[in-house]
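Dear colleague,

Please find below the structure that I am handing over to you. My findings on the two ligand sites follow it.

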Amino acid sequence: MSSVSQLFKNNPVNRDRIIPLDFTNTKTLPDSHVWSKPEPETTTGHISVISLSNPEHGLLRQACEEWGVFHITDHGVSHSLLHKVECQMKRLFSLPMHRKILAVRSPDESTGYGVVRISMFYDKLMWSEGFSVMGSSLRSHATLLWPDDHAEFCNVMEEYQKAMDDLSHRLISMLMGSLGLTHEDLGWLAPDKTGSGTDSIQSFLQLNSYPVCPDPHLAMGLAPHTDSSLLTILYQGNIPGLEIESPQEEGSRWIGVEPIEGSLVVIMGDLSHIISNGQFRSTMHRAVVNKTHHRVSAAYFAGPPKNLQIGPLTSDKNHPPIYRRLIWEEYLAAKATHFNKALNLFRC
Ligand SMILES: C=C1C[C@]23C[C@@]1(O)CC[C@H]2[C@@]12CCC[C@@](C)(C(=O)O1)[C@H]2[C@@H]3C(=O)O
Ligand SMILES: O=C(O)CCC(=O)C(=O)O
Ligand SMILES: [Fe+2]
């Protein structure tokens, strides 16, 4: 068992915060899902688009420092695989509730159907449902959803995870390269040819579904949070919904990250903020919902290998480390208790 899975055992979610509302049978927004008065209109920003065929370190670094988010093109993940992932997500979330519930995540488990874990930190419920995949239990959960017909779903998700493993290795190397770090500085980041063993990154796949909502201005798809990963690779199809907090007006303005056909979105996580000694921004983001389109997204979270200590990689005497060293599991445990205040607990 991975130590991240062990962490779920130690931090179980309250059972009543796992099963989502049956959205298909809900024609008006229940009070439990009403968030706030309407906020100011979301604006759009110039989020960088970086081609991985010829990435420029300067541009990459600037995107990580200013926004903490960027689009990637020429990433090598085929259109046909992205299309298959989207179809399989829609297939899963369109199942009737009585069937999805068969694969519900148990309170101390990482894999299965349910609401996202951060739900426990908010009084109101979110207008979303998810399917989380970690480790080897994908097939057993998919069998519960489709007793005779789960092979296609599993094959597509396994192929996608493999593609994301490769891509995240490349991205992590590039990002660290943009900070002037070499493979010697980062032994473990050097691509692991086998993709296995203790040296490989740990990952987690979260499939999100945001059903059509009767009153989107009063609902929340996914509440504001930062990701606890090194980085997250998000496939959001072509329906807008992802928003990031404005770097200039934190806490008051949200900027929509408009989908770009065939691109993927990279979101810097808290651990990249730590490794870069506070230079990379781990952006607060959220997902909003809409009245006409069912939106799905697939978020792949990449973290360091099991039990590997990470910390600020800086030898600059003028900028001593501002965070202490930690392992991913330790950080996730802090996040599971202190949520958005977790990062501060690791400041030197
Ligand atoms: C590996 C992880 C990242 C995550 C917390 C978790 O331990 C498992 C669930 C992940 C997820 C997926 C949806 C959004 C998110 C904020 C959440 O509630 O659960 C992330 C978590 C995170 O980045 O902290
Ligand atoms: O669906 C989205 O656009 C955002 C998903 C996300 O932030 C997450 O899963 O952590
Ligand atoms: Fe996120």
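The shell around ligand 1 comprises seven nonpolar, three polar and two charged residues. Please note that this is a predicted model. Among the residues around ligand 1 are Phe-8, Val-116, Phe-204, Phe-301, Trp-328 and Leu-332. An N or O atom in the side chain of Ser-228 is 2.4 Å from an oxygen atom of ligand 1, a polar backbone atom of Ile-118 is 3.0 Å from one, and a backbone N or O atom of Arg-117 lies 3.4 Å from one. Of the 460 Å² that ligand 1 exposes when taken alone, the protein buries 95%. The elements giving two or more residues to this shell are β6 and α8 (328-338). The space that ligand 1 takes is the largest cavity.

Ligand 2 also sits in the largest cavity. Its shell draws two or more residues from each of β6 (202-210), β7 (222-225), β12 (285-287) and β13 (295-303), and β13 supplies the largest share, four residues. In total, 13 residues surround ligand 2, the closest being Asn-208, Tyr-210, His-285, Arg-295 and Ser-297. By class, seven are nonpolar, four polar and two charged.

As for polar contacts, an oxygen atom of ligand 2 is 3.0 Å from an N or O atom in the side chain of Asn-208, and a polar side-chain atom of His-285 lies 3.0 Å from an oxygen atom of ligand 2. For the side chain of Asp-227, the corresponding distance is 3.3 Å. The protein covers 98% of the 290 Å² of accessible area that ligand 2 has on its own.

Kind regards

Definitions and conventions. Residues are numbered from 1 along each chain as its sequence is written. Chains are lettered from A and ligands numbered from 1 in the order in which they are written. This is a predicted model: local features need pLDDT of at least 70, side-chain atom pairs count only at pLDDT 80 or more; totals for chains, interfaces and linings use all residues. Side-chain values use heavy atoms; hydrogens and water are left out. A residue is near a molecule or strand if one of its heavy atoms lies within 4 Å of it. A polar contact is a pair of N or O atoms within 3.5 Å; within protein, one must be able to donate a hydrogen and the other to accept it, and residues adjacent in sequence count only if both atoms are side-chain atoms. Accessible areas come from the Shrake-Rupley method with a 1.4 Å probe; for residues, only the protein chains shown count as cover. On a 1 Å grid over the protein atoms alone, a cavity is a set of points where a 1.4 Å probe fits but cannot get out, and a pocket is an open set with protein on both sides within 12 Å along at least five of seven lines; lining residues have an atom within 4 Å of a point. A molecule sits in a cavity or pocket if more than half of its atoms lie within 2 Å of its grid points. Ala, Val, Leu, Ile, Met, Phe, Trp, Tyr, Cys and Pro count as nonpolar, Asp, Glu, Lys and Arg as charged, and the others, Gly among them, as polar.
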